[in-house]
Amino acid sequence: MHVVYPAVVAALLFSVGVYGVLARRNAILVLMSVELMLNAVNLNLVAFDVWLRDRLHGGQVLTLFVIVIAAAEVGVGLAIVLAVFRNRRTVDVDRLRDLGEPEPVGASPGEPEPVGGGPDGRAGDAA
Amino acid sequence: MGLVALVVGLPFAGALIGIFAGRRAAPYLAVIPTGAALLISAWLAYAQAAAGPREATLTLVETGSVPISVSLGLDGLSALVGVLVTVVATAVQTYSIGYMRQEPRYASYAAFISLFTSAMLLVVHAADLLVLYVGWEVMGFCSYALIGHFWEDRANSRAAIKAFLVTRLGDVGFLFGIFVLGISAGSFRIGDVLAAVPAMSPGTLVAATLLLVAGVAGKSAQVPLHTWLPDAMAGPTPISALIHAATMVAAGIFIVARLYPAFVAAPPTLDLLAVLAALGMLGAALAALAADDLKRVLAYSTVSQLAYMAAGLAAGTRDGAVFHLLTHGAFKALLFLCAGAVIHAVGSNLMTDMGGLRRGLPVTFPAMTIGFAALMGLPPASGFFSKDVIIAVTEHTAGGEGAPLTIWIAWLVYGVALVTVAVTAAYSTRAWLRTFFGVRRPDLAAHEGPASMVVPIAVLAVPALLLGFAGLPFAGLRPDLPSSLLSVGASLAGAVVVWTAWRRDPESDPARVLGPLRPAAEQAFYVDRAYHALFVRPVAALARLTVRADDRVVDGAVRGSGRTAVGAGGLLRRLQAGNAQAYVTGVLAGVLIITVGVVVLR
């Protein structure tokens with residue numbers, strides 16, 4: 001079998017994953033899309049391992065590593081999603097934007113500092 | 001030579017230890033080193049008469065061009081002035097124990113007097129112009145610290161700053177004068193410089209001596225840099241005695257006497273010195289006649305008497321000028337210490353508050369009478385002899401003999417000197433009458449101060465009365481009969497005018513004899529006001545401009561850059577919206593761009 005077939009399949013799989021990460025709103029689906037991307041990489045690793053006839057089968061070994069780490073990652077990720085859901089009753093990534101920079105209160109950007117306020121006066125707003 | 005170093009070093013050591021020793025030990029640390037320096041100075045003066053001038057060098061500082069020799073010297077001039085300085089300093093230190101006994105900052109005060117004395121002695125004994133300059137500058141600093149001793153009052157610290165700045169203005173010229181002399185002589189040693197004077201070009205000499213005259217005018221309070229001296233009255237009275245009699249103001253005259261050959265070889269400088277002296281002499285005497293503050297009267301009289309010395313130097317009598325420096329040191333110190341006693345008794349500087357004090361002050365009254373007699377130049381007080389020498393020499397110079405002074409300037413100096421004798425007598429008589437005679441304020445219980453104040457007054461009265469006779473053995477210092485008759489006559493005339501005015505109405509101020517001149521004289525001929533308009537206000541305006549430029553331009557740039565950074569941050573803030581998928585999109589876009597860039601551009 002020519003190496004192009006698994007490579008194209010892996011590329012398609014990866015693209016599906018990217019699309020899922022960028023476009024899906026549900027956090028669990030985003031996690032699943034990440035898994036898709038990882039498995040696309042795994043497919044590449046195995047295919048090129050065979051194609052290159054690597055005597056130590058580094059590709060396959062690395063694939064095992066990736067599977068183990070992906071399992072751990074999914075464990076942690078699902079636990080986080082569960083905790084978020086318990087707190088907020090939602091896992092919609094579009095609405096989870098607490099880490100974003102809030103708009104300054106009562107002043108638009110570029111306005112001069114009030115008297116006595118240093119450059120760190122704004123850090124207080126953000127906190 | 002070790003003894004000379006000891007004379008300079010003892011008061012310095014006293015100052016150094018005294019400032020740390022605390023209040024109780026301070027009087028001893030003040031008086032004992034100064035007194036010891038006095039004894040050594042007297043011995044040196046005695047020994048010098050037999051052994052002749054000497055000089056010793058501690059070390060030679062190689063500077064790459066003209067070397068500086070750290071050296072001290074002793075000759076007739078420095079021995080005499082050294083004795084004067086130490087006598088007055090000892091008297092002032094003793095007097096201060098009584099005068100300042102309730103002063104919490106006495107220790108630093110006494111230490112500064114000691115430092116001041118030490119600096120003046122360094123000026124007197126220095127054998128190198130730059131060593132001399134060190135003492136000269138230390139004196140300027142000490143005068144600042146002492147005039148501003150009562151700095152709690154804003155006016156006093158302003159007076160101190162004024163004294164410092166005005167003398168500093170002269171010092172700049174002085175330093176450059178030293179450079180010109182030292183570089184054209186190839187050495188800063190005074191002996192070498194004086195030896196090189198005949199070989200210097202007239203232009204160099206005139207430039208150097210004119211620059212030196214700037215420093216002399218600053219330190220010796222000559223016109224046009226005299227304005228600091230009357231304001232320096234803000235300091236404690238003993239300081240006035242020290243500054244006016246022995247140290248600061250004597251330094252300027254001393255320098256001219258020290259470098260006299262250089263000045264004689266520069267006739268334009270002598271002409272200038274004579275004109276300045278004539279202006280200061282009469283102007284200050286008239287201002288003294290109008291002033292109401294007793295210390296200001298004495299301050300203006302100092303300016304006037306220093307102008308006599310400068311006139312004497314310009315007219316060609318170095319010995320006469322130094323003679324007058326010595327007698328003036330004695331009687332002016334006496335007058336200031338007496339004025340301190342009077343102010344101590346009355347509690348006010350103004351003569352309006354005084355009157356009829358002769359009964360309450362049995363020591364101060366005769367002592368101050370002696371002082372005023374010496375100031376007026378009445379025989380046999382010391383001032384008569386020394387002043388007469390100067391007047392006689394100016395007369396001879398005006399007659400065309402002696403110093404290379406332009407004839408009309410010599411006549412001007414001679415005429416002004418005679419008129420000033422009369423005015424001096426007038427203001428002395430006025431101060432004497434208004435202080436000790438007339439109606440006594442009923443609520444005033446005047447009494448003498450403690451012994452530490454009375455004894456220095458009594459001791460200083462002796463040289464103030466008798467020092468004049470010391471000049472008799474020397475041919476150049478004997479009174480000249482016609483000119484002395486003329487000056488005593490002028491002096492009596494001035495005294496009589498004031499006395500008749502006072503006799504007619506003892507309640508009012510005899511200064512009214514000035515007539516229409518009086519308002520101008522009270523303001524010291526508006527010199528201060530003119531300086532204020534010409535220099536102080538432009539400088540203050542420049543300072544305000546600088547502050548505004550600093551505020552608007554420099555600070556504006558800083559504030560502006562801060563504002564720009566905040567604004568730019570506001571733009572970046574938009575990207576940080578909290579949507580994790582948007583971030584990932586950005587990362588992916590970046591990766592794509594880089595990848596495409598690498599593939600396409602390689």
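Me: Where do B:F176 and B:F179 lie in chain B?
Reply: This is a predicted model. Both residues are in helix α6 (residues 154-185) of chain B, three residues apart, about one turn of the helix.

Me: What makes B:F176 partly exposed?
Reply: Its relative accessible area is 46%. Partly exposed runs between the buried limit of 20% and the exposed limit of 50%, so B:F176 gets that label. B:F179, with 30%, is partly exposed too.

Me: Why is the pair of B:W411 and B:Y414 called edge-to-face?
Reply: The ring centres are 6.1 Å apart, and pairing needs them within 6.5 Å.

Me: Which helix holds B:W411 and B:Y414?
Reply: Helix α18 (residues 407-436) of chain B holds both, three residues apart.

Me: Why does B:Y414 count as buried?
Reply: B:Y414 has 10% relative accessibility. Buried means under 20%, so B:Y414 qualifies. B:W411 has 47% and is therefore partly exposed.

Me: Which residues do ring pairs link into a cluster?
Reply: B:F365, B:W432, B:F436 and B:F437. Over all chains, the count comes to 17 aromatic pairs.

Me: Why does B:C142 count as buried?
Reply: Its relative accessibility is 0%, and the limit is under 20%, so B:C142 is buried. B:C338 is also buried, at 0%.

Me: How many disulfides does a search of the whole structure find?
Reply: Zero, over all chains. A disulfide would need a pair of cysteine sulfur atoms within 2.5 Å.

Notes. Residues are numbered from 1 along each chain as its sequence is written. Chains are lettered from A and ligands numbered from 1 in the order in which they are written. This is a predicted model: local features need pLDDT of at least 70, side-chain atom pairs count only at pLDDT 80 or more; totals for chains, interfaces and linings use all residues. Side-chain values use heavy atoms; hydrogens and water are left out. Buried means under 20% relative accessible area, exposed over 50%, partly exposed in between (1.4 Å probe, protein chains only). Rings of Phe, Tyr and Trp (its six-membered ring) pair if their centres lie within 6.5 Å; planes under 30 degrees apart count as stacked, over 60 as edge-to-face and the rest as tilted. Helices (H or I, at least four residues) and strands (E, at least two) are DSSP runs, numbered from the N terminus.
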